[in-house]
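Good morning, and thank you for coming. I would ask you to look at the sequence and the structure together while I speak.

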Amino acid sequence: MRVRSLLTVCTFTTHDCMIASTEIGQSHPKFLASDICSYPEMSVSLSISGETSYGSSSLHSNLSLQTLPSVPSLQKLSPETLISVSHVCVATLKPRPVHISCLAVAVAADSLYAASGNQIHVFDLKNYAHLDTFNTDDSSSGSVKSVAFCEGKILSSHQNGKIRVWQMTISKRHQLVATLPTVNDRLRHFMLPKNYVSVRRHKKQLWIDHADAVSSLSVSDGFICSVSWDKCFKIWRSSDLRCLESVKAHQDAVNAVAISGTGTIYTGSADCLIKVWAKPSGEKRHALVATLEKHKSAVNALALNSDGSILFSGACDRSILVWEREDSANHMVVTGALRGHSKAILCLISFSDLLLSGSADRTIRIWQRGSDGRYCCLSILKGHKKPVKALVAVPDGEWKTAGAIRVFSGSLDGEIKVWQVSTSSHINGPLTQIF
C-alpha cells in the first residue's frame with residue numbers, strides 16, 4: 001500500500017507501507033521487475049497447538065492504547081453471554097520465502113489462491129495440497145497485489161498497473177487469456193487525442209490505463225472495479241473486459257475498495273479519506289456521494305457486513321472505525337472505534353457476525369457485534385513472525401456441527417497459517433453453537 005507521510009507506527013517508502021520495528025527487524029523490500037528469487041520446494045506443516053478463551057478481559061489489555069481520541073470506543077470488556085472461543089493452527093503453508101500479499105478463496109473450485117511476490121499459488125482447501133503455480137514466467141509485472149474471481153475467471157492485479165485474466169484448463173492449470181486494458185480496447189481509443197490524459201510531467205497515456213500499481217479489485221453484478229496508486233478507480237465490464245469509466249478519486253494512492261449489494265463503491269486512500277461513490281438515477285458515471293473523514297493516517301483496509309449497512313475501515317492509526325448508515329442520510333457516519341492492535345491495521349474481513357482484523361503487530365483479532373451495537377474481542381490469534389497482510393475465512397465443512405470456521409492468514413513472513421476457530425455460548429446451561 002502507499003501512504004502519505006511518516007507516522008509513529010509505520011515508516012514508508014515511495015509506494016509500500018514498510019513496518020519499522022525492533023520486533024520485526026528490517027523493512028520488507030519491494031518486489032519489482034529486477035527481483036530474482038530462488039525458493040525451496042513448497043512445504044506444509046501441521047500443528048496441534050491451540051487455545052481456548054472465555055470472553056476474558058485479558059483480551060483487552062491494550063484498551064489504554066488510545067488513538068483517535070475524538071471517536072468513542074465501541075468495545076465492551078465481556079460479551080452479553082458467556083462465550084467459549086477455541087482456536088488451533090492446523091496447518092502452515094510455505095509457498096516461498098517471500099511475503100504473502102493477498103489471499104482469495106474460490107468456493108466452487110474448493111481452492112485457496114495465495115499471491116507471493118510475482119507468483120500465484122493454488123492450494124486444495126480440503127488437504128492443503130499444492131495444485132498449481134502461475135504467472136511464473138513474467139517477473140516484469142512486479143508483485144501481485146490482489147486476486148478476485150468473475151464468471152469462472154481469475155483476475156490478478158499487478159505492480160506494473162496491469163490486470164491479468166486467467167482461465168483454468170481441463171488439466172487444472174491456469175492459462176492467461178487477457179490483459180487489461182485489452183488490445184481491442186486500446187484500438188478503440190488510441191487514435192483520438194481526447195482519450196489521452198497527463199499522468200506526470202511530459203507524459204500522457206490512454207485514460208483506460210492505470211499509471212501505477214493496481215492495489216485492489218472488487219467484483220459486483222457483472223462489473224469489475226480496480227483501484228490504484230495512481231489515485232483513480234476504473235470500472236470494467238466483465239462480459240467483454242472493456243473499460244467503461246475512470247474516476248480521479250483521491251489526492252493520494254487508493255489502497256482499498258469495497259462494493260455494497262446496491263452498487264455503492266467505497267474507496268480508502270493514503271490521503272486518510274474514505275469516499276463513497278454511486279450512480280445518480282439515469283446517469284452512466286459514478287459521482288461522489290460523501291467523504292468520510294475521521295482517520296488521521298493512511299486507510300489500508302475496508303470491509304462491509306453482509307447487508308452493506310455497516311462499513312469497517314482500518315488504518316495506520318491502529319484503529320478500526322465502524323460506520324453505520326443514518327436513517328436520514330444515504331451515506332455512513334462513524335459510530336465508534338475498535339482498539340487493541342498496537343500497530344497498523346493491514347486487512348479486514350467480515351464473516352457472518354464476526355469481524356476479523358490483521359495487523360502489523362503480527363496478530364489477528366476476532367470481534368463480535370452484540371445486540372447493543374457494541375463489539376467484544378473474542379480471541380487473538382498469534383503465531384506469525386511478521387505483519388499479517390491478508391485474511392480469508394470459510395465455513396469449516398468437517399466441523400459444521402461444532403460451529404467452526406477456518407481462517408487463512410497470510411503474512412510478510414512468507415507463511416499462510418490455517419486456523420480452526422470454534423465459538424460457542426451458553427446461558428445457564430450447556431454450550432450451544434452461535435454460527
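This is a predicted model: local features need pLDDT of at least 70, side-chain atom pairs count only at pLDDT 80 or more; totals for chains, interfaces and linings use all residues.

The largest nonpolar core has 19 residues, and Leu-356, Leu-391, Val-407, Trp-419 and Val-421 have the most contacts inside it. Such a core is a set of buried Ala, Val, Leu, Ile, Met, Phe, Trp, Tyr and Cys residues joined through side-chain atoms within 4.5 Å; buried means under 20% relative accessible area, exposed over 50%, and partly exposed in between, with a 1.4 Å probe and protein chains only. Among the strands that each supply at least two residues of this core are strand 5 (82-94), strand 29 (354-359) and strand 34 (416-426). Strands are DSSP runs of E, at least two residues, and helices are runs of H or I, at least four, numbered from the N terminus. Apart from this core lies another, of 17 residues, including Ile-274 and Trp-323.

Residues are numbered from 1 along each chain as its sequence is written, and side-chain values use heavy atoms, without hydrogens and water.

I turn now to the backbone. Most residues other than glycine have a negative phi, and most peptide bonds are trans. The bond from Leu-180 to Pro-181, however, is cis, with omega near -5 degrees; Pro-181 lies in the loop between strand 13 (174-180) and helix 1 (183-189).

Glu-151 has a positive phi, near 50 degrees, in the loop between strand 10 (144-150) and strand 11 (153-158). Glu-151 counts as exposed because its relative accessibility is 58%.
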